[in-house]
Amino acid sequence: MTQRTIVITGASDGIGASAARILSKRGERVVVVGRSAEKTERIATEIGADFFVADFAVLAQVRRLAAQLKEKYPRIDVLANNAGGIMGKRELTADGHEKTFQINHLAPFLLTTELMEVLTASNATVINTASAANGFGKLDLEDLDAAKSYSTNRAYGTAKLANILFTSELNNRYAADGVSTAAFHPGVVATNFAAESTSPMRHAYKTFLSRFLLSPEQGADTLVWLATATPGEDWISGAYYAKRALAKANKQAYDAELARELWERSEALVALDLDKLDHRG
């Protein structure tokens, strides 16, 4: 079997690191991407993988990451957009976007679209880590940065809803070019991903409740399955999964027009970011 190249973001910890370990053991060429240079290098060294560091709260770093990946890997078989997390109080990034929305949706949207030429040439699979939290999200195209109304949990749920809508529209636009895509819920996993949050949900990750959570290896199972199974045969492109099975999402997730408009708004927002960058020189 020819070794495939699998890029995993958010791979310095949690389910991303677990997926990287599992896939590497299976003989895949894994590329580890993380925010912490120390933690990312540690995982990469452990499994003998290449690694890149990027903070998704800075879109210029996402663009740089895309350029580095394109330069080094003429073929990318799987892109796993796994970086994300629950944040605290409302905060804007240096790019001017609400932090939860940018890190969980806008940054992976930008990375994927910047890599699209390589992904289509590779007949790649794009996997987006969503969450059952999408159920309490509500996407308002006129308030993507939650300026009118903000709560930590709703912002996270809305970002995870955006991941599913992005998956649907990515399939709509690029399935004919050979790209397959899926979003998935990993389960409630014992990781550090809520460490920076003020959400009440963070307590489950730090107290005796953590013993009832899934291990990172269990949480990575559906990601690994999507990365290694055959799209079109084992799973349906454009769909949302949990425990290797089709799952029900927020009713907004099935709104094709909303998915199209979110894509267009996201394109405009990252183009605006680039325009700001050009003016700064």
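Leaving aside neighbours within four places in sequence, Thr125 touches Asp77, Val78, Leu79, Ser180, Leu226, Pro231 and Trp235. These contacts are read from a predicted model. Thr125 itself sits in strand S5, which covers residues 125–129. With a relative accessible area of 8%, Thr125 counts as buried, because buried means under 20%.

The protein as a whole contains 9 helices and 8 strands. Of its 281 residues, 53% are buried. Where contacts join residues at least 6 apart in sequence, 72% of them link residues at least 24 apart. The accessible surface amounts to about 12600 Å², and carbon and sulfur atoms account for 50% of that surface.

The second largest pocket holds about 250 Å³ of space. Which residues lie nearest its centre? They are Lys138, Asp143, Ala146, Ser149 and Thr158, out of a lining of 15 residues. Helix H6 (residues 152–174) supplies the largest share of this lining, with 4 residues.

| Class of lining residue | Number in the second largest pocket |
|---|---|
| Nonpolar | 7 residues |
| Polar | 3 residues |

In short, Thr125 is a buried residue of strand S5, and the second largest pocket has a lining of 15 residues to which helix H6 gives 4.

Technical notes:
Residues numbered from 1 in each chain as written. Predicted model: local features only at pLDDT ≥ 70, side-chain atom pairs only at ≥ 80, totals over all residues. Heavy atoms only, no water. Helix = DSSP H or I, 4+ residues; strand = E, 2+ residues; numbered from the N terminus. Buried < 20%, exposed > 50% of the residue type's maximum accessible area, 1.4 Å probe, protein only. Contact = heavy atoms within 4.5 Å. Areas by Shrake-Rupley, 256 points an atom, 1.4 Å probe, with all protein chains shown as cover. 1 Å grid on protein atoms, 1.4 Å probe; cavity = no way out; pocket = protein on both sides within 12 Å on 5 of 7 lines; lining within 4 Å. Points joined across faces, edges and corners; volume = space filled by probe spheres on them. Nonpolar A, V, L, I, M, F, W, Y, C, P; charged D, E, K, R; others polar.
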